[in-house]
Each structure stands twice: as C-alpha cells, then as structure tokens.
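Hi there,

Here is the structure I promised to pass on to you. Have a look at it, and then read my notes below.

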Amino acid sequence: MPSTQKPMRYGHTEGHTDVCFDDSGSCIVTCGSDGDVRIWENLDDDDPKSINVGEKAYSFALKNGRLLTAVSNNTVQIHTFPEGSPDGILTRFTTNANHVVFNRDGTKIAAGSRCSDFMIKVVEVTDSSQQKTFRGHDAPVLSLSFDPQDAFLTSASCDGSVRIWKISDQTCVTSWPLLQKCNDVINAKSMCRLAWQPKNGKLLAVPVERIVKLYRRETWDNQYDLSDNFITQTLNIVTWSPCGQYVAAGSVDGCIVIWNVKTQECMERMKHEKSYTICGLAWHPKGGQIAYTDTEGNLGLLENVCNRAGNKSSGKISRAVTKDYDDLFDEDDDFLNANLTEPRSSPKVISNEEEDDDDDLMLASGHPRHRGAIIEDDNSLDTALMKVNSNLEKDDDDDQDGSIPVLPASTTQRPFYDGPMPTPQQKPFQSGSTPLHLMHRFMVWNSIGIIRCYNDEQDNAIDVEFHDTSIHHATHLPNSLNYTMADLSSEAILLACESTEELASKLHCIHFSSWDSNKEWTVDMPKDEDIEAICLGQGWAACATGAMLIRVFTIGGVQKEIFSVPGPVVSMAGHGEQLVVIYHRGTGFDGDQCLGVQLIELGKKKRLVLHGDPLPLTRKSYLMWVGFSAEGTPCYVDSEGIVKMLNRGLGNTWIPVCDTREHCKGKSDHYWVVGIHENPQQLRYRCIPCKGARFPPTLPRPAVAILSFKLPYCQITTEKGQMEEQFWRSILFHNHVDYLSKNGYEYDENAKNEAAKEQQELLMKLFALSCKLEREFRCVELADLMSQNAVNLAIKYASRSRRLILAQRLSEMAVERATELAVPEEEEEEEEDFRNHLNAGYNSSATEWSQPRVRNLLHEQDMEDSKEADAVEEVEEMQKFRQNPFSKIVASSSEMSTPKSAKAVITCSSQGRVNPFKVSANQRDSPAHSGNILDNMSKFSKNTPAPNSRVANKQKSPVIKPLISKPKSKQALAATFFQARPPHSGDKTVEEKEEKAENVLPESQAAAAEKRRKSYFRPKTGFQMWLEENRESILADNPDLEEADIIKEGMSRFRALTADERMVWTEKAKGGAAGNSAEAKKRKRLADAKNEGTERREEKSKDSSLSKKQKLLEPSTNIKLSAFAFKQS
C-alpha cells in the first residue's frame, strides 16, 4: 500500500530544525532554533516534554541515552536522555558548531565548525580530553557522517568539496569537488547532509544538485546516480533505511523521494504541503516511518513507507499461522513433508513453488521447514489451510493423530476483517480543563473564574481566582486529597477526586455564598463508584459516576434525584436550572464517536428537553468542550474546531456557528474555549489561541482572544448571501430571549426590539435586491417572513417600482393575514384575553405587544414625503388619499376589526351591532375610489401619540406614515411629558373636524379627551425650552438616541449648567407663559365651542362616534396640521 502523509504540526519557532527517533523508536525527538529539544510520543502529542539546552541550538544527535547538542555559546554539550540533565561540555569552538554526529556505537562524536580555521573535531564521549582534529577545508563545514566501521569520516564544506578522512591517522583519503562554493552556511544552496549505508558501509550517498551520487567504499568510485523527474530543486539531505535497502532524500522545495538502491526504482514521492525546505529526515529504527522537519519549525510524518500491497500485514498473519501449524506437526515432519512435496497433479498436493528468500528456519529433525501450505496471498490462505486439513484427514484414517483438526475457522478469518474498525471510546473529561498528567494545569476556566492546580515537589495546592472580585476574593486551598475535577459558579466551588485503595471517591463543595458559618460539605461515593464528571447550577450540584448514574444535590448538600444514563458519561455542564449530559450511545466506527445528549431542566417543573438524541460531531472528531452560553443556550466544540449551538427555534436542532480553523494560522494551532456570549453587544466566542497545541500553559497567563460568529451559509461573499447569513444569525442568537421570557427570567426588552428592527431591515434589503433582479416570486417568499408593517412597506416599494402584479399579490397577502388575525378578536369578550389568545396563536408575526413597529426601512424615499411645502396642500392630499393603503399602514393584529364577510374587509358598514374593540375608518367624507389595484385594502388605526410628538417625528417612515405607536411604557410617558405643547390653531382644526362628526363620544370618553387636551396646554418649563433649542446638538452628537434617551441626555446637560444659566431659562419660561394671553383667549373660545359640539354629538350614532375617534387621532393629519400651525405662529 502507498505511504500516507500525516498533517504537519508546529514544533519549534522558525529556523533550522533537526529530527530523529530514539534508539527504540518509541518517540520522536526534535531540536529547533529556539534552543529547545522536544520529545514527542507521537505526532498528535499535544504536551511534548521540552528540554532547554541553550539560547539557540544548531544541531543535535541522540545515542545510548545521551543527547548531544551544538548551541549558541560555541560549545558542544551533552545531556542525559530523557531526563535532560546536563552531563558536561565535550568541546568548544571559537564560533558555533554547525553539525554534530555520533558514531555507530555512540562512543565518539564529530563536530564541524564555522570558525576561521574550519576544523573538524572527533572527541571520545567518556574522555573529552581524547580529541582528534581534522584540517583542510577552506570554508565552514556543512555536514559530517561516520563510517559504520569507524574507519572513515566524511565531511562536506562550503568550499564545494566532499572529503573522506581516515580517522586513525587524521589524513584526507580523497576529495570530490561536487558542490557550489559559498562563503558561509547561510548562503549555501544545500546543506549536503550525506550518509553511509548502515551495517557494512559499502556505499556513501551524497546529495548533489538534483541527484544522489553513490560512491563505493575503498575504491571511491561513483557506482551510479539516483534521480527522478519529480525532483525540481536541489536536494538538501539524504538518509538510509535501517535495513540499508532504501535511500530517502529531501529537497529545498519540500520534495521527499525514496529509492530502492538495488533496483534504482523510485518507490515513494511526496510533496510538502507548503513547499518549505526539508532540513531534517529520519527513519524509524524498525522502518516503515519517516519523520521530517522544515525550516519553519514544523514536524511531519510519513507512514507505511515502502510497504507494498499489504505485504507487511499478510506476512505477519502468515508467520503467525505457520507457527501454530508447525507446532502441531513437529512430531511428524516426514509425514507432512511427504504430502507437501508430491506433484501438483496429485489430489493431496499443495504447491511449494514460492518460498521466502530469507527463510532459513530448520526443523528439529534437520529437515527444512516447508511453507507451501501457507500462501502469502490473502485470498488463498483459508483455501490452503482447508486443503492441508483435508489431505491430512484422508491420510490418517485410523485417527492416529488426534490433533489433526487444526486452527478453528475464527482464528484464521479474524485477521482478514477489512470492514469499519471500531473507534476507542473517548474518556470522560471536565470542560475547560487541561490534561491530568500536567504538574501545573487548569482545573476549570469559565465565565466566573479560574481554578488552577499545582502538583510538584514544593506544593500540592489549588488556587481559585474570580473574574469579578465582588463575587468572592481569590482563594488558596490545600489539595491533600488530590482533587482532579473542579467546577466554579457564582455560588460555590465544587471539587471531586477519584477513589484510592484506602479512600472512597469524594465530592467536596465550598458554598461561599452561604449565610451561615458552615460553608463546606463532603459526600463519599459508594464503594467501587468513582466520580467521572461534575457540574454546578443555580442552587444545585451534580456528579456523574462510573456506575452510569447522575447524582443531584442541593447547593447546601441535600441529596436529591438520582437517575441513570444509557452509557458511560463523557462530560456534563450546568447553567441555571439546566443540566446537559453527554454520554456514549454506542461504539463508533472509522474514527467517529457515537455520543448522545440529554438536556434536563431541574426547576420546579422538571422535564427532559433532549431525550438522548445523537450528538452531531464532525467526521473523525471527538468532543472538546460542552457548556452553555452566558445566556443559557447549550453549546459544544469538537476537535475540528467547529462550534455548534442548540437552535430552540427549529425543534432543538444543532447548528454550527463558528469554525475556529478559519482563524488558525497553522494546522497545529487550535483555540481553547473559555466562554460564549449571545448578547448583541457581546456576540462573541471567547477563547485562547494555542500555537502548536490544543491547550494553553498556566504560566505565563494566556491572553483571551475574541472570535466572531458566522453561520456556514452559501455564497457568503455576495450581498445576498451576507444579508441572509446576518438575518438568520440574528434570529438564532435571539432565541434565548423567548426562552428567558417563557421561563420567567429577566431579559432586555430594548435588545429584543432592536433585533426585530434589524431583522425587518434585512428582509426589506433582500426584498429590494430581489426586485432589482426581477425575482418576484422570491419577493413574495421574503414578504412571508416580514411583519405586517414591513409587508405594507414592501407593497409601497413594489408599486413605485412599477411591479403591479407583485404589489397585487402582496396586498392579497396582507388582506388575508389581516383577516386571519381579526377572527379571534370577535370571539373574545375582554381585551386582555384577546391579547393572550393572539400572542399564542400567531407568534411568527409581529404584534403590538410582541414587536416594535418598524420605521425607516427603505432608502428609496419619495421627495414629496421628505418635504412639507404647504401645510394646507398636505392636508388636502392626506384627505385625498385617505382610502389609499399607502397613506396608512394596515394595523397589526390587535387593531383589526372583525369582518362579517369578505366584503366587510374592503368596505366598512355603518349598520348593525358594534364591536366595542372595533376601530373602523369613516368613509363619509372620502372621495371616490381611485383606480389603483391596492385601494381595496381597508384601513385601521390605533391611538397615536400627541400630534407634535418628537418620537413620531424622529422615527417617521419616509415612505408610509404614520406607523402604529408603541405600547405605553414608562419611557413613553416620560417622553410625552417633555413634548412641546401644540399651538392653538392646530387644535382648532381638530375641533372643527370634531364638530362634523355624526356621533358623540360617551361622557367618560369625552371627559378623558377633554383632560388630555388640557394637559397639552400646560405652561412650558425652563428645561423644556432649553431642550427645544438644544435638541439638534444632542442628536448631532448621538444620532441613534431614542426620545427618552434624548431627554435623559438633555437633563444631564441641563444640570451641568450653572445656577444663573438655569435661572435665565426659567425666567424665559415664565415670560413666555405671560405672553400667551392671546392663546388663553383662544382656549376659552375652544372650550365654548366644545360645549356646543358636545350637545350635538349626543344625538349621533355609535358607528359615527368611532369614525370620529379615528379622525381625532389620525396621526398623519395631526402631524401635518401641527407643523402648519407652528409655521403660522
């Protein structure tokens, strides 16, 4: 089978990096320019042992438990391996050594320098005073290599020569001018790392340009060259396989090529994933693997090198079966050999034509052991064994050998299983913790604080640190019981330890928020039941044990529920009343984990939200972190860096929200999770970047990075894709608001309103984009996602874009939606019940009580709506278009009248019984219907703010006005209190229109209206006059402020004025009140006119009174009339 190239990982900082295996091949050892020697158990080892040998290391070698390094202090020193203890300095140079090597038995070392004399030293390891010096190169030494027989030493130099030295007399035997000359190592085109053939040293391999030259020992003739068209740049290094049959070479552009020396055939070709220079190359002592490094400090691994057609596996099987087979027949070798050596035509014969070349095994009787029955081909093994068994049974009719029924079928077939391989189950872990084997580790890092554990010769303790010191001060705890698990909340610290031979597994809680003096409690687990995971919630703690039980306690130590999980627990987390448990549902295959998840609510109403659903992990990944966002939404992260979040709005499914691999610079870099926030102001993924590892060290304190969320939607680079991603991301990250409100938690109403506004704006932008692309069907699909107000804006936009068919369909949709929402109103008798029913039955659409009204959604503004040329003409224009749906938005669900039939929606009748909650338009004074296809839409309205409300002025739509008012709140009341008082003329116009009404209000409604009108004419205060004059400056500094916020900002600025300045404004207000005597007279006339109007209104019908109410409170007309009155005054 071909070799496999594993992904490279970060090993050292940028610079020359060496690599080798230890003598047994159990670990990989690397040395980098950062001065560290690292010991890797395998390529996936995230916590390699590190030995610092100096400020900078240039070369290293390993043999017989000795680590040899050439470092920046110009010495060649030795350390013990793997302990890393310094063991002395072998030699020194005037500058640093460039290359160091051991001889075959590790008794000598050779080092070549970059100093002025360019010498080579050979030093005895046991006695550093025994040194030999080799001089003759005219430039720095590039590389060295010992002859396996210790007779010769080979060196390559920047002077372009390769020399053979005789060690005994320190003389140069021969020299070849093979390389390009240069003056220093850093300018060399190639390092020319040459190598002798192992064991006998018959051949010397030298990389020259793009070929490998092979020279024969003693004669020093060039036997032949190894080359391949795959190599396009200069070769940098060569190395032999331990068996001496293969040569591997690496080039400066990242190519690795392997040849069979005997056949000169190229066996393997590999290209570096980033084409970095290969500077380190090492064979595994037993073959089959090659470790390599590049000049960027990365480490890579090739597996199954030169393993052709699965011979390795089949060979192992064959030898195993042969051994069992031969053991059965050691006493009857002659009989077996007679059967096996018969001609092939005989029915009892098995061919023995193919024999291993290296098969020199002999039987105890002296006969060669035949293996004809054991054929190397995988498919023929079972058949051959069956033939042998049948032949032997035929020859032994009298059953003289009772052991003839050999090898059961299962034994021979098991090694040939080629289906999916089971994946080892992931071990339990604590989210936010680092591995247990570290002496200094994080036990937990979450949004509350950090718990560190120190377990070394000096101390065995636990440090607790809180992000917010107002919760609790930092704490230092002894760790005599060797706690390995921890969790932290704003109420308590939870610790747990495994059982020992003497002690049971313990759960220890420090309830620091308790009001009594006893703040700690401990619980011992039953015998043979170890705690594997723990977590804290609001008022409770839980632990998962090896018996597949979840034990729940109160925060004070009272035992509560116990329940089983279907498999071994992997991890668990808590937040508020929620508990999430991850466990093994079964055995995974092909590298996949088979995990399940349960989400349980432990509040007063206990319920199971997720019933053991499968946890969707990325292919061939495992779970890295599980927890909750700060707002209480379950999330998890897998080993591929994919962050997934529970989507409560889509049936509790999981959706990926962030791919941390997109932010990693290298393949070995990862992000370690700290916390997740859904709040729009803090929408982020808090994590710690780890270069070349999966977790950070405790010291120095790691810095937290912030990553943004991005849903994996298609074509994210286009405008359409970006807006779609933003819309659904806004929907997803505000699902928690509905959950919080449903469960009685506090939440930010303003954030919810802003999110709804943002979502409708994105839908309108998508609608406009679809209109430009002439995708009208897509426009209707988008309108189906909009609120009622946004649909009317879409109708307006479609009409002005001359897409009448689209506008007609949208108007039908709006009428149908209005009809559906109006039906429940007639069935309810009280407004409160109606609101509850409406909210429960139509949650997908914005209602008056659930969503804010959308304003300023379209950028295409009409000039006639942005200017007010003449107030009288505007009044006439508004009267002209009163029946047009463009001049008034179809009301939300709470304002729809109940139609008796389809006609009732289009034309309002003045006959019949009156719905007390019904507000219908008065059509008595309206002109004839226009020919517009949208004129058949009925109009509805709700009570609006005062005509001159600055809130309405600030947020009025440039396309449709007015929008329906928000529900009354404290902020709205405060805004109304600080409104400027309307002039008399505007109110007079309203009064004249009241006199034309057909019906009168009931006495209670008339009294309320009179009280409201009187409140409009209260005298202005000094602050109100100051605010009117300085409003524009406040808006210029803070354009996004709401009306209530403008008032707050104005009050803060007004208080900042001096006492004299405030007194001036107060005097102005008093003077203005005194100067308004004329207006007082007008108010008196209005009061008289009102009394006369009251007498006439008592004779009118109820339907007309409702029409009058709509006229009185019609926002657009009042706004324009008040504007006209201000201009006149």
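I started with two helices, α19 and α20, whose crossing is right-handed (the near helix is turned clockwise from the far one by less than a right angle). Before going on, please note that this is a predicted model, where local features need pLDDT of at least 70, side-chain atom pairs count only at pLDDT 80 or more, and totals for chains, interfaces and linings use all residues. Residues are numbered from 1 along each chain as its sequence is written, and side-chain values use heavy atoms, leaving out hydrogens and water.

Helices (H or I, at least four residues) and strands (E, at least two) are DSSP runs, numbered from the N terminus. The axes of α19 (residues 1022-1037) and α20 (residues 1043-1056) come within 9 Å and cross at roughly 110 degrees; axes are lines fitted to C-alpha atoms, for helices over the stretch in contact, with angles from 0 to 180 degrees between N-to-C directions. That makes α19 roughly perpendicular to α20 (65 to 115 degrees).

Seven bridges join β49 to β50 (residues 684-690), and Val673 stands opposite Cys687 in β50.

Enjoy exploring!

Methods
Parallel < 35°, antiparallel > 145°, perpendicular 65-115°, else oblique. Pairing = 2+ DSSP bridges.
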